[in-house]
Amino acid sequence: MPGPNPIRSNIQEQIYEILKEDIVNGKLEPGKQMKELELVDRFQVSRSPIREALRRLCGDGLLVIKPNCGIYVNVFTPKYINDLLEMRSLLESHGMEQLIGIKLDEETRQELVSLRQRMQDALDHGASLQEHMDLDMLLHQLIVSFNHNEFMAEVAQKISLISKTMQRISLSSGNRAEESQLEHLEIIDHLLAGQVQKAIKCNQVHLFHTQVRVEEEMSRSLSK
């Protein structure tokens, strides 16, 4: 009978995907040591695919190597959080700036209207954390796409997993998921009204609130 994480083909890829989801979804908490022997026992494989999966996760920024100590789930310092959200602010502000002085094309307008309705529905019907996270990512990915710049898209993709991890930490805090959706609605409303500078300002405030919540949660986690 297969275990909870059956490994079929491409062993390393599957181990990578499982561990990635465990980190992003908080099953593996910040500061958790990734012990090879425990992972070998969990997945019933040799050390080679385990090491390759861990190497990739280090490259993603989800794990960090501490010399002479081992590999750990990344603990986001205040500077790390600030640096990442500053990069997101730059990418997203620049994306929205491309809309200044132009009329939204119908496809983009309808995408924003549809996303706004889904966010309102999420608020009205008590959506799950995952639903809030998915809607959050859709809006911010759309904003980055306004840049029409492949290099900016690559940077956004590079930090997407860390952004998703921070997002989960932030939205898990109190009523932050609902607050975040209200901020998203305000951003969308400004974009639909052609008030791009107001949308940019609202997004900067939104990212700042995310930073505060993540720092609070990380500090609380470390104090346990």
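Trainee: In which helix is His140 found?

Mentor: His140 is found in helix H6. Bear in mind that this is a predicted model.

Trainee: Why is His140 called buried?

Mentor: The relative accessible area of His140 is 4%. Buried means under 20%, so His140 counts as buried.

Trainee: What makes the pairing of His140 with Arg88 a polar contact?

Mentor: The two side chains come to 3.3 Å. The cut-off for a pair of N or O atoms is within 3.5 Å, so the distance qualifies. A polar contact of 3.3 Å also joins the side chains of His140 and His206.

Trainee: Which residues does His140 touch, not counting those up to four places away in sequence?

Mentor: Arg88, Glu92, His184, Asn203, His206 and Leu207.

Trainee: Is Pro30 called buried, partly exposed or exposed, and why?

Mentor: Pro30 has a relative accessible area of 24%. Buried needs under 20% and exposed needs over 50%, so Pro30 is partly exposed.

Trainee: Where does Pro30 lie, and what is Pro30 in contact with?

Mentor: Pro30 lies in the loop between H1 and H2. Leaving aside neighbours within four places in sequence, Pro30 is in contact with Val73, Asn74, Val75 and Met218. As for Tyr72, its C-alpha is 7.6 Å from that of Pro30, although the two residues are 42 apart in sequence.

Trainee: How do you know that the span of helix H5 is close to the expected one?

Mentor: H5 runs over residues 106–124 and has 19 residues. From first C-alpha to last, H5 reaches 27 Å, and at 1.5 Å a residue 27 Å is expected.

Trainee: Which residues of H5 are buried, and why are they said to be on the same side?

Mentor: The buried ones are Thr108, Leu112, Leu115, Met119 and Ala122. They cover an arc of only 85° around the axis, so they lie on the same side of H5. These buried residues pack against helix H6 and helix H9.

Trainee: Which residues touch the most other members of the largest nonpolar core?

Mentor: That core has 32 residues, and Leu19, Met34, Phe43, Ile50, Leu54 and Leu63 touch the most other members. H1 gives the most to this core, with six residues. A second, separate core of 22 residues includes Leu99, Leu139, Ile143 and Ile187.

Notes. Residues are numbered from 1 along each chain as its sequence is written. This is a predicted model: local features need pLDDT of at least 70, side-chain atom pairs count only at pLDDT 80 or more; totals for chains, interfaces and linings use all residues. Side-chain values use heavy atoms; hydrogens and water are left out. A nonpolar core is a set of buried Ala, Val, Leu, Ile, Met, Phe, Trp, Tyr and Cys residues joined through side-chain atoms within 4.5 Å. Buried means under 20% relative accessible area, exposed over 50%, partly exposed in between (1.4 Å probe, protein chains only). Helices (H or I, at least four residues) and strands (E, at least two) are DSSP runs, numbered from the N terminus. The expected span of a helix is 1.5 Å times one less than its number of residues. The arc is that of the directions from the helix axis to the C-beta atoms. Contact means heavy atoms within 4.5 Å. A polar contact is a pair of N or O atoms within 3.5 Å; within protein, one must be able to donate a hydrogen and the other to accept it, and residues adjacent in sequence count only if both atoms are side-chain atoms.
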